[in-house]
Amino acid sequence: PTLKIRGVRVWQGRLDRAAQKAMLDDIRDVVAAAPLFSPMTPYGKPMSVRMTSAGRFGWVSDRSGYRYSPTHPNGQPWPKIPASVLDVWQAVSGSDREPECCLVNFYRDGARMGMHQDRDEADFGEPVVSISLGDDGMFRIGNLTRGGKTESIWLQSGDVVVMGGEARKIYHGIDKTRPGSSSLLEGGGRLNLTLRVVT
Ligand code: MD3
Ligand code: FE
């Protein structure tokens, strides 16, 4: 990794422009098969980040709460995780399992993700791998409990982040994006792919 912050490993520039474009094409196919939606929080307010998934399970949230589901809210199974994305997992995760969920987060201008832990998965021994595409995103890294001092870094298109071991349960979030910072996505915005073993 080019950077290690509180156990979070960051590979800056892990994907070159050609690899980013190829992956973006694959994600376009995923989004065509499983359209982005605005998950409803249990409080009844839609999230500002739009989402979809690929893999055996996808992350959904509605008035009855959030959970992993084998189907999109439209009732269809999720598309397969693209090989270009699986290759990154193989290269950096150190896991001998395959990811079961590729969550696709799409940030348009003003979208953000509040500080949270990823704790809906059965095995915290399995890492989470994140791939950033498009506009820069300000990633905030906190602690194992809510609150306390935090550190922030800008994630750029092509950066890969791995949360394993202790870091797996750290509070984290995306404060903002930098609109117009990347020309990768035709209409602008930031895409983040997170790979997880769920069961
Ligand atoms: C640190 N997504 O989908 S990815 C999420 O950029 C999520 O869309 C952010 O947090 C995004 O849950 C951040 C980086 C990330 C993902 C999972 C983590 C960092 C993490 C799990 C533990 C610690
Ligand atoms: Fe998260």
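**Confidence.** I noted that this is a predicted model, and I therefore checked its scores before reading any geometry from it. The chain averages a pLDDT of 95, and 100% of the residues score at least 70. For the model I also wrote down an ipTM of 0.94 and a pTM of 0.96.

**Overall form.** I went through the secondary structure of the chain, which comes to two helices and 13 strands. The radius of gyration is 15 Å, close to the 16 Å that the globule rule gives for 199 residues, so the chain is as compact as a globular protein of that length. Taken along the principal axes, the box that the C-alpha atoms fill is roughly 40 × 40 × 35 Å. I found that buried residues make up 34% of the 199 residues. When I turned to contacts between residues at least 6 apart in sequence, 73% of them joined residues at least 24 apart.

**The annotated span.** I then returned to residues 98-199, where the span is 0% helix and 46% strand, and where the end C-alpha atoms lie 11 Å apart.

**Around ligand 1.** I listed the 17 residues around ligand 1, of which Asn105, Ser130, Met163, His172 and Asn192 come nearest. The elements that give two or more residues to this shell are strand E6 (101-107), strand E8 (128-134), strand E11 (160-163), strand E12 (172-178) and strand E13 (190-196). Sorting the shell by class, I got nine nonpolar, six polar and two charged residues.

**Phenylalanine 139.** My last entry concerns one residue, phenylalanine 139, whose place is in strand E9 (residues 136-141). For a separation along the chain, I looked up serine 93, which is 46 residues from phenylalanine 139 in sequence, and the C-alpha atoms of the two are separated by 20 Å.

Key:
Residues numbered from 1 in each chain as written. Chains lettered and ligands numbered in written order. Predicted model: local features only at pLDDT ≥ 70, side-chain atom pairs only at ≥ 80, totals over all residues. pLDDT = per-residue confidence, 0-100. Helix = DSSP H or I, 4+ residues; strand = E, 2+ residues; numbered from the N terminus. Near = placed C-beta within 6 Å. Nonpolar A, V, L, I, M, F, W, Y, C, P; charged D, E, K, R; others polar. Rg over C-alpha atoms; globule rule 2.2 N^0.38 Å. Buried ≥ 20, exposed ≤ 12 C-beta atoms within 10 Å, placed from the backbone. Contact = placed C-beta atoms within 7 Å.
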